[in-house]
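Q: Hi! Could you walk me through the pockets and the helix packing here?
A: Happy to, here it is.

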Amino acid sequence: MAYEKVTLNLKMKDVELVKPSKFTPPCILSLSTLDNRGIYNNHCQTVHVYRSSATRDSDSSFDLCHVFKEALSKALFYYYPLAGKLVKHADDGILRVNCNPNAENYGVPFLEAIANCTLSSINYLDNTNTEIAKHLLLIPQDLSYPLVFKVTKFLCGGFTIGMGVLHAVCDGFGASQFFNTIVELARGRIEPSVIPVWERERLVGSITKQPFPLFPMRKESIAFSPFLNQTNSTNIKQYCFKVEGEMITKLKLSLMKESENENIRFTTFESLAAYIWRSRARALKLNNNGDTMLTVLVGMRRNLKDFDPIPKGFYGNSVMEANIVLKVSDLNEMSLYEIVKLIKEAKNVASTADYVKNTIDSLETNFKDPVNMEKSTGAVTVLTEWKHLGFMGENVDFGGNEIVNLVPAPCKMFASIEISVLSSSNKFDDVVPSMKGGVNLFTSLPVAAMPKFKEEIEALRTLSVEI
């Protein structure tokens with residue numbers, strides 16, 4: 001694949017299965033109602049980029065893949081469901097995890113690769129176009145594996161770790177918890193600092209006579225983009241935009257100006273969510289008389305009044321969706337501040353015990369009648385935030401090497417046009433003064449829509465901030 005200064009070629013070994021380091025009992029484990037959502041039966045693929053260490057370069061005895069596989073094996077003793085297989089039972093259609101240590105296909109697929117170039121020659125994946133990340137992943141033919149890894153070593157001594165996790169088994173917080181466990185064990189810890197908890201029965205719903213509507217838009221009123229109202233050959237790509245700290249400051253000051261001294265606090269996430277939603281609608285040229293929806297993900301791990309707390313170590317799905325629906329014309333004409341208030345209100349509602357319980361019960365009730373949009377129209381924007389997941393930082397430096405970047409790879413779930421990710425700035429951004437307090441935005445759009453979206457993001461630089 002041609003890419004900037006180099007053509008990336010990989011020499012790959014055979015895929016092997018990494019099993020838990022000690023015996024684990026055969027069992028079939030049930031998943032929660034949230035885990036069983038159809039949209040979660042998909043792999044989330046991330047690429048973790050590690051810069052080489054001068055100290056480690058001089059240590060010829062360090063075998064990266066051996067150390068990683070050994071740590072992964074130890075971690076799987078605690079997280080043995082990740083070495084099993086996801087199965088759907090014919091009688092009820094419910095997903096479960098089959099853990100059978102005696103099966104030939106038991107274990108985590110692992111692939112070792114060697115690149116013909118340095119990480120600096122591909123800019124440590126710190127690029128607007130993220131397509132190269134696809135080549136640093138293992139995409140298994142058998143999609144029932146909950147976890148897969150690909151470690152790619154580069155000529156500079158740096159490496160990438162491509163991780164794929166089935167969303168049905170882990171949410172982002174759980175995936176980060178597991179990744180941190182591998183690094184801890186590779187550094188010599190005897191056991192994880194956080195012992196994992198399965199307990200998916202905590203989040204299993206009950207049948208209810210009055211379920212929530214799971215998709216708050218009527219199909220006949222859903223907005224559509226002319227870029228997507230074609231055949232499946234539409235060219236969609238994921239791009240990364242750097243939203244500088246000063247741009248965020250201007251956005252917040254502009255919102256304060258619109259608020260007319262109304263005493264409501266709003267977060268960086270809420271401010272950017274409103275702006276990104278509107279910018280995507282404009283870039284996609286959604287029809288004005290159609291409905292568009294923003295979905296923001298709200299964590300349940302903080303204690304909710306009148307709701308049993310999620311235990312420390314839980315690594316299943318534990319997020320709610322806060323949905324806001326507007327006519328496209330309203331989204332374009334309302335003040336951004338009013339849109340931010342709607343987002344804040346929706347988040348507050350989604351953080352209540354009643355909402356959580358009713359949502360889980362509604363999902364359980366409508367399990368066999370899931371929401372199914374046959375084809376994306378561009379009307380939905382799903383925004384998630386990774387800043388606080390713990391994938392970046394000194395605690396995940398590995399093998400004497402420093403983590404410098406994290407990229408959600410544009411395939412499987414993250415290739416969806418609906419999903420956008422707000423992530424922490426990377427280590428290269430840290431030395432750029434304008435990126436202090438900034439974020440990286442990963443979003444997928446038709447190539448034809450991307451110039452307008454870029455124009456919208458760049459317009460943050462020129463916002464009027466006089467109050």
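A: One term to begin with: helices (H or I, at least four residues) and strands (E, at least two) are DSSP runs, numbered from the N terminus. This is a predicted model, where local features need pLDDT of at least 70, side-chain atom pairs count only at pLDDT 80 or more, and totals for chains, interfaces and linings use all residues. Residues are numbered from 1 along each chain as its sequence is written, and side-chain values use heavy atoms, with hydrogens and water left out.

Q: Thanks! Which element gives the largest share of the lining of the second largest pocket?
A: That is E14, with 5 residues. Strand E14 (319-327), helix H7 (336-350) and helix H8 (353-365) are the elements that give two or more residues to this lining.

Q: And which residues lie nearest its centre?
A: Pro213, Glu321, Asn323, Tyr355 and Thr359, out of 19 lining residues. On a 1 Å grid over the protein atoms alone, a pocket is an open set of points with protein on both sides within 12 Å along at least five of seven lines, and lining residues have an atom within 4 Å of a point; a cavity is a set of points where a 1.4 Å probe fits but cannot get out.

Q: How much space lies in that pocket?
A: About 300 Å³. A volume here is the space filled by probe spheres set on the grid points, which are joined across faces, edges and corners.

Q: How do its lining residues divide by class?
A: Into 13 nonpolar, 3 polar and 3 charged. Ala, Val, Leu, Ile, Met, Phe, Trp, Tyr, Cys and Pro count as nonpolar, Asp, Glu, Lys and Arg as charged, and the others, Gly among them, as polar.

Q: Switching to cavities: how many of 30 Å³ or more does a search of the whole structure find?
A: It finds 3. The largest cavity holds about 40 Å³ of space, and its lining includes Met392, Ser424 and Phe442. Strands E16 (402-408), E17 (419-424) and E18 (439-446) each give two or more residues to that lining.

Q: What about classes there?
A: The lining of the largest cavity has 3 nonpolar, 6 polar and no charged residues.

Q: OK, helices. At what angle do H2 and H3 pack?
A: H2 (residues 64-78) and H3 (residues 172-186) pack at about 120°, with their axes 8 Å apart. Axes are lines fitted to C-alpha atoms, for helices over the stretch in contact, and angles run from 0 to 180 degrees between N-to-C directions. H2 is therefore oblique to H3. On the cut-offs, under 35 degrees counts as roughly parallel, over 145 as roughly antiparallel, 65 to 115 as roughly perpendicular and the rest as oblique.

Q: Which residues meet there?
A: Among them are Val67, Phe68 and Leu72 in H2, and Phe178, Ile182 and Leu185 in H3. Contact means heavy atoms within 4.5 Å. The contact of H2 with H3 has 10 nonpolar, 1 polar and 1 charged residues.

Q: Back to H7: how do its axis and that of H5 cross?
A: At roughly 120°, and the axes of H7 and H5 (residues 268-284) come within 9 Å. H5 and H7 are therefore oblique to each other. Their contact divides into 9 nonpolar, 1 polar and 4 charged residues.

Q: And H4 with H5: at what angle do the axes cross?
A: Roughly 85°, with the axes of H4 (residues 245-259) and H5 coming within 10 Å. That makes H4 roughly perpendicular to H5. Ile248, Leu251, Lys252 and Leu255 of H4 make the contact with Thr268, Ser271, Leu272 and Tyr275 of H5.
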